[in-house]
Amino acid sequence: MKTIKEPARDIPVRAEADVLVVGGGPAGIMAAEAAAGDGLRVMLVESRGFLGGNLTIGLPILGFLGRKGNQIIEGSAQRFIDRLRARGAASEHRPCKNHMSLTIIDEEEVKRTALEIMEEKGVEVLLYTFFADAIRKGDAVKGVVVESKAGREAILAKTVIDCTGDGDVAFRAGVECRKGDAEGGMQPPTLMFCMKGVDVQRLRDAIVGHPDVYDMDVMPPEQFRTGKFITVGLRTQIRQAQAAGYRIPVARTILITGLADDEIWVNMTRVSGVDSTRPESYTYGEIEGRKQIYEIARYLREFVPGFADARIEKVAPFMGIRESRVIVGRYVLTAEDIIACRRFGDAIAVAGYPVDIHHAKGGDCTMHFCDDSYDIPYRCLLPERVAGLLVAGRCSSMNHEAMASTRVMSTCMALGEAAGRAARLALKAGVQPASHAMARKMKNKFKIKHQPIPKMKQIEEPARRIPVRAEVDVLVVGAGPAGLMAAQAAALEKGTKVMLVESRGFLGGNMTIGLPLLGFLGRKGNVVIKGLPLQFVERLQEKGLATHHRACPLHVSLTMIDPEGTKHLAFQIIKECGIDLLMYAFATDVIMEGNTVKGVIIDSKKGREAILAKRVIDCTGDGDIAYRAGAPMNYGNEKGIPQPPTLMFSMRGVDSRKLRDAVADHPDVYDIDFIPNEFFRADDNCTFVGFRNQIKKAREAGYKLPVERTIFMTGMAPDEWWVNMSRVNGIDATDPAQYTQGEIICAEQNEEIVRYLKAYIPGFENAYVDRVAPFMGIRETRRIVGEYILTEDDIFNCARFDDVIAVASYPVDLHHPVGGDCSLYWCPDCYDIPYRCLIPQKIDGLIVAGRNVSMTHLALASARVMAPAMALGEAAGKAAALSVKENVELRDLDVRKLQESLKAEGVYFRE
């Protein structure tokens, strides 16, 4: 394999901790909580924008109870459930013949509760921070190297706990790891999804009343009469569907009741051969899983009672991985240990879930039960021959069959608690976690006297050769609104090899967080955003997944889109265009030759790799590639303060007719900014901006609300409204510590906002939170200094440019960097955006699209919204492909040829 040499460097030390937990899933949350307190500095690093891992993807927690009905998982795991139950966000532990017990949880409340616990315990959380490497000294792990938008940094720690699920830290530290069965076959992953509008009572009646028709594996039909349940069966219906031509990847229908009465989570996608430690394989799994979802939903509506009118409501933010790496530890737990209900002198957890092996091929499953419960020894958390490291969760030391039992979340939570407690005890005793004395000390209670670690400013990372994963014509980094259009536009130029890299497990960026698309129409009502962006929306509209472009006095126009439908369509387009897609890959550095960008370096669970490209398009939103390349950048306003971010959430159960009529009939009570109240009476898409009187009253009553106006907008369902009211001033989204704090503060704000809406806004009295966006919506961070800087005067004067590549009309919509209000300024018609805004000064081989292009703070407040961002992405993609074809630098491209090519795709330019 071709490689490039990466030179040695000094990297800054972000922090020095006593205990560092890597991975914020079920095991990681418990590990951090158990390690914290008594003066220890504990840190938790998580690559996503929330905590909870598989607790957030719609799965129930299995195995809190044992075979005999007694509770065997207690401690921190049970206290976590107790907190959820206090909020109505978790069910009881219901005994189940197949799964021992099931506990239904609310995925959004899990995220909120996890962050609260970390704050209470004093755990320092870093979200959006990707583990990249282990720091070793001899045979001991001394910390980790992380990557984020802030760059490459080190975190030093006395003890590291690997809760990554894939054994990433252990693997990088040189611990022996294994995957799968004797032939390397691993249990396939699942992409969970939720259907709403299910007649659950009809489903119950069918199973109970006609067991000869609706067959169940193991579980008696009476179990389904009342209470929460999991169906595992309906094999007859699967066979009938397959005979009718349906492509169903499993042999059994697995359905799980949600907390809402009409909600069912579906566990039926299976993608064999996926290896979550290889980003190309994980990407394939996500794409294939989404294809399967729509076929499975079709099957359920046709063959399973109660689903006739159901719709896909939510899709999990990532695939649930059943199996990847496991360490070879001081002891390897086996299926024989489980079946024999084996006891161990160094037991640190008890489990009772069966050996539940989802076949690597074929779509079926085999289960083996123990008669009672079994012990898991402490030695399963200890890697062989590597000190300073504990491993908890499904990557602990188990063989393939045993891991099919221990992988469930209740057991992982127990292992996480044990690992965190072990780290505390070891530090107290001044010994390594692997010392012989630790098994006895695990039962002690103690207090730890904190001993500060000497401060260390930098560590030296040696030079290395890293493999070249791919060489392409055009590389697009970031798959949000701009990135999707850029990749598609480049690929449509015949013969162009295009690759798209995205750090998340889905495509669409801000199009997936509940926001409407603003600004497709101009002030005069004409469509000004055409070309590929308009085609994208039209394809959504054909499927009933987007509304029409409704003219709006405030936002010029708004178009509602379905977040999950957007993700699915994005994957379809990428496949149609032959684009090489790589998800779960984080772009961490650039490859430079003089002042020319020649590619990027990525980090993933597979390791550090290079992608070489003739042209790179930076669609990261934060100008990450341009910044790493040394391009001049601006940030925020004249004081360096950006517009604040928002964490969107949706509420269901809203009486929309009551809301609309109250606003239309009582404008003296329910004040709305700019828009006539009668505008809202019709059952049409809209955004409410106002209710300042209600905000004022709520504040007088003691409510702490971060904004001056109430802002919410229609969803795709009649009773659904998305809320845009959280604001955190001064957050720098390029710093993971600040980004993390933003997520935490927004979650706290949203709790208060919900309370306010239910108390003061008509129609919200019985509403409930249904979805929370997977990440905060960032309005502003870095912007390049390009060959031209678009100004607010250009916008207000409806400026025209000879090198125009997009036209926009959205107002300057400035969310104040300080305070919770907003100012809007309109142009009379529309304005041009010149090509030069996409070209960074001093850097070749690179073009930029999206909200990180060259504009002033105020101009960006207009061009940042998604419709213009999509248009800029299309222009950048087309320019990159043409510059490769013409063999000219991007800044030297004949813009007239670019404009003609864009016109051929339907892009709008003024005459």
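Biologist: How many helices and strands does the secondary structure of the chain come to?

Modeller: The assignment covers a predicted model. In it, the secondary structure amounts to 22 helices and 44 strands.

Biologist: Why does the chain count as compact as a globular protein of its length?

Modeller: For 911 residues the globule rule gives 29 Å. The C-alpha trace spans about 80 × 65 × 60 Å along its principal axes.

Biologist: What share of the residues of the chain counts as buried?

Modeller: A residue is taken as buried when its relative accessible area is under 20%. By that criterion, the buried share of the 911 residues is 68%.

Biologist: Which strands are the edge strands of the open five-stranded sheet?

Modeller: The strand order is β13-β14-β15-β12-β16, with antiparallel pairing. An edge strand here pairs on one side only, which holds for β13 (230-233) and β16 (311-315).

Biologist: Which residue in β14 does Gly233 stand opposite?

Modeller: β13 and β14 (residues 253-257) run antiparallel and are joined by four bridges. Within this pair, the residue opposite Gly233 is Thr253.

Biologist: In the open sheet of three strands, which residue in β28 does Leu517 stand opposite?

Modeller: This sheet has the order β26-β28-β27, and β26 (517-518) is one of its edge strands. Two bridges join β26 to the antiparallel strand β28 (residues 556-559). Opposite Leu517 stands Thr559.

Notes. Residues are numbered from 1 along each chain as its sequence is written. This is a predicted model: local features need pLDDT of at least 70, side-chain atom pairs count only at pLDDT 80 or more; totals for chains, interfaces and linings use all residues. Side-chain values use heavy atoms; hydrogens and water are left out. Two strands pair if DSSP finds at least two bridges between them. The radius of gyration is taken over C-alpha atoms; the globule rule is 2.2 Å times the number of residues to the power 0.38. Buried means under 20% relative accessible area, exposed over 50%, partly exposed in between (1.4 Å probe, protein chains only).
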